[in-house]
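Work through these exercises with the sequence and the 3D view open. Try each task before you read its solution.

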Amino acid sequence: MSAPRILYCHCTHAQVVPKEVKETVLKQLCESGVSFEAVADLCEMSARKDPALQRLTEGGCVKIAACYPRAVKWLFASANAPLPLEGTEVLNMRTQPAAEVIAALFNPDLKPNLPTGKETKASPAELPAVAA
């Protein structure tokens with residue numbers, strides 16, 4: 001099995017992740033030589049229903065450095081790109097120190113941590129209309 005892909009969110013617009021944590025994690029990723037994908041802001045991408053989110057959910061297991069696992073789960077779901085529960089680990093840069101996030105990102109083992117429960121299907125407003 002290949003190592004999980006890495007996705008880094010810079011949380012540009014919300015500015016809720018401590019700047020020093022974001023910068024340290026990004027610097028370490030850049031210096032590591034490990035392949036990763038960086039996005040400016042998952043919240044904005046979700047609000048725009050950016051098709052790139054669908055692409056990010058494809059291709060196997062993924063580790064995401066962003067914020068709360070429940071928030072990341074619903075950001076992808078609201079953009080009709082649900083993350084696989086057993087194939088996603090979210091590192092919370094809002095609450096975890098940079099060293100902990102980096103260690104988890106570079107660990108080849110995946111520790112899925114998306115909350116279970118409510119399904120992430122499309123809302124009724126997003127379902128196609130049915131002719132009567």
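**Exercise 1. In what order do the elements of the protein chain run from the N terminus on?**

Solution. Start with the ground rules. This is a predicted model, in which local features need pLDDT of at least 70 and side-chain atom pairs count only at pLDDT 80 or more, while totals for chains, interfaces and linings use all residues. Residues are numbered from 1 along each chain as its sequence is written, and side-chain values use heavy atoms, with hydrogens and water left out.

Step 1. Know the terms. Helices (H or I, at least four residues) and strands (E, at least two) are DSSP runs, numbered from the N terminus.

Step 2. Read along the chain. The order is β-α-β-α-α-β-α-β-α.

Step 3. Check the totals. The protein chain has five helices and four strands.

**Exercise 2. Find the order of the strands in the sheet.**

Solution. Step 1. Recall the rule. Strands of a sheet pair through backbone hydrogen bonds, either parallel or antiparallel. Here two strands pair if DSSP finds at least two bridges between them.

Step 1. Trace the sheet. The four strands form an open sheet, ordered S2-S1-S3-S4, with parallel pairing.

Step 2. Find the edges. S2 and S4 (88-92) each have a single partner strand, so one side of each lacks a neighbour in the sheet. From one strand to the next, the twist averages 20°.

Step 3. Go through the pairs.
- S1 and S2 run parallel and are joined by three bridges. Leu7 stands opposite Glu37 in S2.
- S1 and S3 pair in the parallel sense over four bridges. Arg5 has Val62 in S3 as its bridge partner.
- S3 (residues 62-66) and S4 are parallel too, over five bridges. In S4, Val62 is partnered by Thr88, and Lys63 by Glu89.

**Exercise 3. Is strand S4 enclosed or open to the outside?**

Solution. Step 1. Set the cut-offs. Buried means under 20% relative accessible area, exposed over 50%, and partly exposed in between (1.4 Å probe, protein chains only).

Step 1. Count. Five of the five residues of S4 are buried, so this strand is largely enclosed by the rest of the structure.

Step 2. Look at each face. In a regular strand the side chains alternate between the two faces of the sheet. In S4, Thr88, Val90 and Asn92 are buried on one side, and Glu89 and Leu91 are buried on the other.

Step 3. Find a neighbour. Helix H5 (residues 98-106) lies across S1 (5-9), S3 and S4, and runs at about 160° to S4. Such angles run from 0 to 180 degrees between N-to-C directions, with axes fitted to C-alpha atoms, for helices over the stretch in contact. Contact means heavy atoms within 4.5 Å.

Step 4. Turn to S1. Four of its five residues are buried.

**Exercise 4. Find the residues of helix H4 that are buried, and what they pack against.**

Solution. Step 1. List them. In H4 (residues 69-78), the buried residues are Pro69, Val72, Lys73, Leu75, Phe76 and Ala77.

Step 1. Recall the helix geometry. An α-helix has 3.6 residues a turn, so residues three or four places apart point the same way.

Step 2. Name the partners. The buried residues of H4 pack against S1, H2 (42-47), H3 (52-57), S3 and S4.

Step 3. Look at Arg70. Its charged end sits over the ring of Tyr68, 4.7 Å from the ring centre. The test is NZ of Lys or CZ of Arg within 6 Å of the ring centre and within 35 degrees of the ring normal.

**Exercise 5. Compare Cys11 and Lys49: where is each found?**

Solution. Step 1. Locate Cys11. This residue is in the loop between S1 and H1 (19-32). At 7% relative accessibility, Cys11 counts as buried.

Step 1. Locate Lys49. This residue is in the loop between H2 and H3. With a relative accessible area of 38%, Lys49 is partly exposed.

Step 2. Check the backbone. Most residues other than glycine have a negative phi, and most peptide bonds are trans. Phi of Cys11 is positive, near 45°. Phi of Lys49 is positive too, near 50°. H4 is followed by another case, Asn80, with a positive phi near 60°.

**Exercise 6. What share of the residues in the protein chain is buried?**

Solution. Step 1. Take the count. Of the 132 residues, 39% are buried.
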